[in-house]
Amino acid sequence: MRRLLALLLFLAVPLGAQEAPDIIRGQVLGPDSLPREGVRITVVSLLNQATRSTSSDRNGRYTVVFPGGGGDYLVTFQLIGLTPVQRQVKRVAAGD
């Protein structure tokens, strides 16, 4: 089967004295390297099993925010007719 290609960008955005949320954002591309709208993105925190979901927009872009962070996530991309793809992402260091 054809597979989705997912570009991930993982950012930690500081919010003063509060613990910074983790922000996972990226773009989903199809096997033809074109952006894919409507891809279901599910992110699971490996720290506490909290789950957040969203769908890609018409440009294939998505953003998922985890308040309080955690830093280690499993991201699943699903679209009917294509093989689901999973990627693990980790926060390396807090960014500005």
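**Close-up 1. Phe66 and Tyr73 are both buried in this predicted model.** Let's start with this pair of rings. Their centres lie 4.7 Å apart and their planes meet at 40°, so the pair of Phe66 and Tyr73 counts as tilted.

**Close-up 2. Tyr62 and Phe77 form an edge-to-face pair.** By the rule used here, there are two aromatic pairs. Tyr62 belongs to strand S5 (residues 61-66) and Phe77 to strand S6 (residues 72-78), so the contact ties together parts that are 15 residues apart in sequence. Tyr62 and Phe77 are both buried.

**Close-up 3. Ser33 has a positive phi without being a glycine.** Have a look at the backbone here: the phi angle of Ser33 is about 65°. You will find Ser33 in the loop that runs between strand S2 (22-29) and strand S3 (40-45). Its relative accessibility is 47%, so Ser33 counts as partly exposed.

**Close-up 4. Gln49 is another residue other than glycine with a positive phi.** For Gln49, the value is near 65°. This residue, Gln49, sits in the loop between S3 and strand S4 (51-55). With a relative accessible area of 52%, Gln49 is exposed, because the cut-off for that class is over 50%.

Notes
Residues numbered from 1 in each chain as written. Predicted model: local features only at pLDDT ≥ 70, side-chain atom pairs only at ≥ 80, totals over all residues. Heavy atoms only, no water. Helix = DSSP H or I, 4+ residues; strand = E, 2+ residues; numbered from the N terminus. Buried < 20%, exposed > 50% of the residue type's maximum accessible area, 1.4 Å probe, protein only. Phe/Tyr/Trp six-rings, centres within 6.5 Å; stacked < 30°, edge-to-face > 60°.
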